[in-house]
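This report is intended for a reader new to the structure shown below.

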Amino acid sequence: NGTFNHSLQVANLAAEVANRLGARAQLVRTGALYHDIGKLENAVFFTENQNGQNPHDCLSYERSAQIIIQHVANGMKLADKYKLPSVVKDFIATHHGKSLPKYFYVKAMETTPSLSSEGRGDASFRYPGPKPQTLEQAILMMTDAVEAASRSLTEYTEESISALVEKIVGAQVSEGSFNECAITFRQIAEAKEVLSARLRTVYHTRIQYPE
């Protein structure tokens with residue numbers, strides 16, 4: 001249920017961004033609904049599906065990262081099994097690009113520095129890609145990361161939501177996540193505006209009036 005609700009939220013957000021940018025909204029919505037189907041293979045390992053127990057507590061950070069990363073390959077296998085169109089499969093393959101599952105990566109480097117010195121660190125913790133190749137795929141990547149991160153906020157204010165969106169999307173830009181697709185800085189700025197505004201509505205933030 002957690003992954004399903006996440007996918008619905010991402011689909012709605014991504015469609016709004018696509019409409020603002022003149023992209024294909026229905027295509028982005030469809031890609032969003034299918035992008036995380038690989039989580040069905042190990043649903044309990046993803047935080048949105050957990051209820052008090054976390055199986056990662058019994059695993060190494062490296063093993064946890066590999067399970068998280070594997071949901072992309074698992075999604076592609078399910079897409080092949082059920083004969084999803086290639087244009088939809090592309091969203092599954094690209095929604096994390098070649099990024100790192102940062103929580104487990106940072107924890108592993110802190111506790112096991114030898115991973116880095118042995119040259120295993122980056123390779124063991126990186127999604128296989130490819131990076132987004134289209135505007136629609138870039139929209140999904142931004143929206144997916146922002147929606148997931150928004151659930152971890154301790155307070156929901158205009159400032160905290162805007163700062164989160166800026167942090168997440170800014171990091172993706174800095175890491176070169178969008179350097180293989182046709183998206184402009186102006187479109188990225190507009191996408192951030194839509195995401196911030198929509199999340200403020202979702203979480204019902206209110207203006208703080210002076211006492």
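## The second largest pocket

Helix H1 supplies four residues to the lining of the second largest pocket, the largest share. This pocket has a volume of about 220 Å³. Of its 13 lining residues, Thr3, Phe4, Ser7, Asp36 and Leu40 are the closest to the centre. Two or more lining residues are given by each of helix H1 (2-21) and helix H2 (25-34). By type, the lining consists of seven nonpolar, four polar and two charged residues.

The model is predicted: local features need pLDDT of at least 70, side-chain atom pairs count only at pLDDT 80 or more, and totals for chains, interfaces and linings use all residues. Residues are numbered from 1 along each chain as its sequence is written, and side-chain values use heavy atoms, with hydrogens and water left out.

A pocket, on a 1 Å grid over the protein atoms alone, is an open set of points where a 1.4 Å probe fits, with protein on both sides within 12 Å along at least five of seven lines; lining residues have an atom within 4 Å of a point. Grid points are joined across faces, edges and corners, and the volume is the space filled by probe spheres set on the points. Helices are DSSP runs (H or I, at least four residues), numbered from the N terminus. Nonpolar residues are Ala, Val, Leu, Ile, Met, Phe, Trp, Tyr, Cys and Pro; Asp, Glu, Lys and Arg count as charged, and the others, Gly among them, as polar.

## The largest pocket

The largest pocket has a volume of about 1300 Å³. Its lining comprises 40 residues, and Pro101, Lys102, Tyr103, Ala148 and Ala149 lie nearest the centre. Helix H3 (61-81), helix H5 (102-111), helix H8 (135-150) and helix H9 (158-174) are the elements that give two or more residues to this lining. The largest share, six residues, belongs to H8. The lining divides into 18 nonpolar, twelve polar and ten charged residues.

## Aromatic pairs

The structure holds three aromatic pairs (rings of Phe, Tyr and Trp, the last by its six-membered ring, with centres within 6.5 Å; planes under 30 degrees apart are stacked, over 60 edge-to-face, the rest tilted). Tyr103 and Phe104 form an edge-to-face pair, at 5.2 Å centre to centre and 80° between the planes. Tyr103 is exposed at 53% relative accessibility, whereas Phe104 is buried at 13% (buried is under 20% relative accessible area, exposed over 50%, partly exposed in between, with a 1.4 Å probe and protein chains only).

Tyr156 and Tyr203 are stacked, because their ring centres are 4.1 Å apart and their planes are at 15°. This pair links distant parts of the chain, 47 residues apart: Tyr156 lies in the loop between H8 and H9, and Tyr203 in the segment after helix H10 (185-202).

## Salt bridges

The count comes to ten salt bridges (a side-chain nitrogen of Lys or Arg within 4 Å of a carboxyl oxygen of Asp or Glu). Lys102 pairs with Glu175, with the closest N and O atoms 2.6 Å apart. Lys102 belongs to helix H5 and Glu175 to the loop between H9 and H10, 73 residues apart.

Glu166 and Lys192 form a salt bridge at 3.0 Å between the closest N and O atoms. Glu166 is in helix H9 and Lys192 in helix H10, so the pair ties together parts 26 residues apart in sequence. Glu166 is partly exposed at 42%, while Lys192 is buried at 17%.
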